[in-house]
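Here are my notes for a first look at this model. Please read them with the structure open beside you.

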Amino acid sequence: SPRGTVFRVRLPPSGMAVAVVPPPAPVSMPKEAPAGKTRHVLIIDDETTLARNVAVYLERRGWATQVAGSAEEGLTMLGEFRPDVVLLDHNLPGMNGLEALGRIRAMDGQARVVLMTGFGSIDLAVSAMKQGAADYLAKPLALSELKLLLERLIAQHLGGKAERRPA
């Protein structure tokens with residue numbers, strides 16, 4: 001049977017005071033999706049490099065992702081992919097993010113949409129929240145903060161509600 005890790009401990013000379021520090025309390029960290037409970041994110045952004053980087057980052061952490069380069073493409077994918085969260089850029093070719101947000105909310109009143117933009121303003125953030133965005137992010141994105149936001153949105157949704165994805 002394995003013996004585990006072996007540590008060598010050097011004791012201080014006799015007569016010297018020794019402080020015993022208890023191990024730190026476990027920190028409650030947001031968890032990855034449990035086995036069999038993959039979370040799905042639809043990324044709608046015409047900045048291909050950014051969208052792929054976000055997708056790869058999330059996929060490495062157990063999320064399933066799909067990327068759309070326009071609002072129209074994203075709306076088409078929405079019905080088939082059934083994401084838990086939609087990351088939606090505001091400055092898109094054709095239909096902008098606020099228009100797309102309205103259409104997404106019309107298709108699914110419970111959709112959790114995070115509006116992202118590199119050219120934001122307080123007015124845009126207020127408009128997005130009034131139209132039902134779950135949150136608003138300014139670019140450039142901090143990926144670790146994005147992950148925490150997504151986990152918070154999932155946790156809020158699952159607090160007393162059924163899963164969105166069909167069985």
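1. Start with a term. A salt bridge is a side-chain nitrogen of Lys or Arg within 4 Å of a carboxyl oxygen of Asp or Glu. Glu-47 forms one with Lys-139, and their closest N and O atoms are 2.9 Å apart. Glu-47 lies in the loop between strand 1 (40-44) and helix 1 (48-59), and Lys-139 in the loop between strand 5 and helix 5 (143-158), so the pair ties together parts that are 92 residues apart in sequence. Helices (H or I, at least four residues) and strands (E, at least two) are DSSP runs, numbered from the N terminus.

2. Ground rules. This is a predicted model, in which local features need pLDDT of at least 70, side-chain atom pairs count only at pLDDT 80 or more, and totals for chains, interfaces and linings use all residues. Residues are numbered from 1 along each chain as its sequence is written, and side-chain values use heavy atoms, with hydrogens and water left out.

3. Confidence. The term pLDDT is the predictor's confidence in each residue, from 0 to 100. The protein has a mean pLDDT of 81, and 74% of its residues reach 70 or more. Residues 17-35 are below 50; this stretch has 11 contacts in the model beyond near neighbours in sequence. Residues 162-167 are also below 50, with 18 contacts beyond near neighbours in sequence. Contact means heavy atoms within 4.5 Å.

4. Lys-139, at 13%, counts as buried.

5. Lys-139 has another partner. Lys-139 forms a salt bridge with Asp-89, where the closest N and O atoms are 3.1 Å apart. This pair links distant parts of the chain: Lys-139 is in the loop between strand 5 and helix 5, Asp-89 is in strand 3 (residues 85-89), and 50 residues separate them. Both Lys-139 and Asp-89 are buried.

6. Arg-152 and Asp-135 also meet, in a salt bridge of 2.7 Å, N to O. Arg-152 lies in helix 5 and Asp-135 in strand 5, so the pair ties together parts 17 residues apart in sequence. Arg-152 is partly exposed, at 36% relative accessible area. Elsewhere, salt bridges with shared partners join Asp-45, Glu-47, Asp-89 and Lys-139 into one network. The whole structure holds 7 salt bridges.

7. Now the interior. A nonpolar core is a set of buried Ala, Val, Leu, Ile, Met, Phe, Trp, Tyr and Cys residues joined through side-chain atoms within 4.5 Å. The largest one has 24 residues; Leu-42, Ile-44, Val-86, Leu-88, Ile-104, Val-113 and Leu-115 touch the most other members. Strand 1, helix 2 (71-81), strand 3, helix 3, strand 4 and helix 4 each give two or more residues to this core. Helix 2 supplies the largest share, 5 residues. Apart from this core lies another of 19 residues, among them Ile-43, Val-54, Trp-63 and Val-85.

8. Leu-42 deserves a look. Setting aside neighbours within four places in sequence, Leu-42 is in contact with residues including Gln-66, Gly-74, Met-77, Leu-78 and Phe-81.

9. Helix 2 comes next. Its buried residues are Ala-71, Gly-74, Leu-75, Met-77, Leu-78 and Phe-81. Their cover includes strand 1, strand 2 (64-68), strand 3 and helix 3. Arg-82 follows helix 2, with a positive phi near 50°.

10. Which residues of helix 4 (residues 122-130) are buried? They are Leu-124, Ala-125 and Ala-128. They cover an arc of only 100° around the axis, which puts them on the same side of helix 4. The arc is that of the directions from the helix axis to the C-beta atoms. On the other side, Ile-122, Asp-123 and Lys-130 are exposed. The buried residues pack against helix 3 (97-107), strand 4 (113-117) and strand 5 (135-138). Gly-132 follows helix 4, and its phi is positive, near 105°.

11. Finish with Ala-128, in helix 4. At 0% relative accessibility, Ala-128 counts as buried. Ala-128 touches Leu-98, Leu-101, Leu-115, Ala-133 and Tyr-136, not counting residues up to four places away in sequence. Ala-128 and Leu-98 are 30 residues apart in sequence, yet 6.5 Å apart in space, C-alpha to C-alpha.

Terms used: Buried < 20%, exposed > 50% of the residue type's maximum accessible area, 1.4 Å probe, protein only.
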